[in-house]
Amino acid sequence: MKYLLVTSLFILTSCYRPPPSQQSCNFVISKDSQRLHWNKEFPIKLHIDDSVPEIAYPAINRAVMAFNDVIKDHQVFVFADDSYATIYWRNTWNRAIPNEEAVTTLNFIGSEIYKATIEVDAYNFSFNYDYTDVFIKVDLESLMIHELGHVLGLAHINSSGSVMYPTLNSGEIRRELGIVDINDLECGY
Ligand SMILES: [Zn+2]
């Protein structure tokens, strides 16, 4: 029995091959050259922390719908209390890069994401929640679409037609996924 076990372990080890490198499709790539992706079925459970003011809810909801309306035939995100992804509103900000409107942190093992955290910098920035202050403030809906793209594993891309463009200036609006974003997500999921 002992001999058999050792033998089977040896066979498993000798049969292991690293997976072939994947095309990035603008996803973050893991050390073993795989696209980061969720280890759960869609929809990804998203929770709005109590720190987020209610005035922000409609813009967050519209950002979620931007994904749910265009990606294949299923929901991408659903609001839930027992979440894997959480949005926090930060009224203090001690990070090294002060001009970030928000930061998304992914927890993953290998190439599988199991947790995501979005933190909105409400200390250094003020936000437009609909269309009233859009020319002088950061458009929250556009910002949330970008961060939710990160939640799914997308990286930045220097394409003006993408919600994953690295910067969002005050007054800029990017409230719809671009063709490039839709193609990338369909490649990754
Ligand atoms: Zn970003």
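Which residues does Val 64 touch, not counting residues up to four places away in sequence? The answer is Leu 46, Phe 77 and Leu 148; being in contact here is defined as C-beta atoms, placed from the backbone, lying within 7 Å.

Some ground rules. Residues are numbered from 1 along each chain as its sequence is written. The model is predicted, so local features need pLDDT of at least 70 and side-chain atom pairs count only at pLDDT 80 or more, while totals for chains, interfaces and linings use all residues. pLDDT is the predictor's confidence in each residue, from 0 to 100. The protein chain averages 89, with 91% of the residues at 70 or above. Residues 1-13 are below 50, and beyond near neighbours in sequence they have zero contacts in the model. Where pLDDT is low, the predicted coordinates should not be read in detail.

Back to Val 64. Together with Ala 63, Phe 77, Met 144 and Leu 148, Val 64 touches the most other members of the largest nonpolar core, which has 35 residues. Such a core is a set of buried Ala, Val, Leu, Ile, Met, Phe, Trp, Tyr and Cys residues joined through C-beta atoms within 7 Å. Buried means 20 or more other C-beta atoms within 10 Å of a residue's own, again placed from the backbone.

Now helix α3, residues 140-151. Helices are DSSP runs of H or I, at least four residues, numbered from the N terminus. All 12 of the 12 residues in α3 are buried, among them Met 144 and Leu 148. Just after α3, Gly 153 has a positive phi of about 110°.

Terms used:
Helices (H or I, at least four residues) and strands (E, at least two) are DSSP runs, numbered from the N terminus. The expected span of a helix is 1.5 Å times one less than its number of residues. Two residues are in contact if their C-beta atoms, placed from the backbone, lie within 7 Å.
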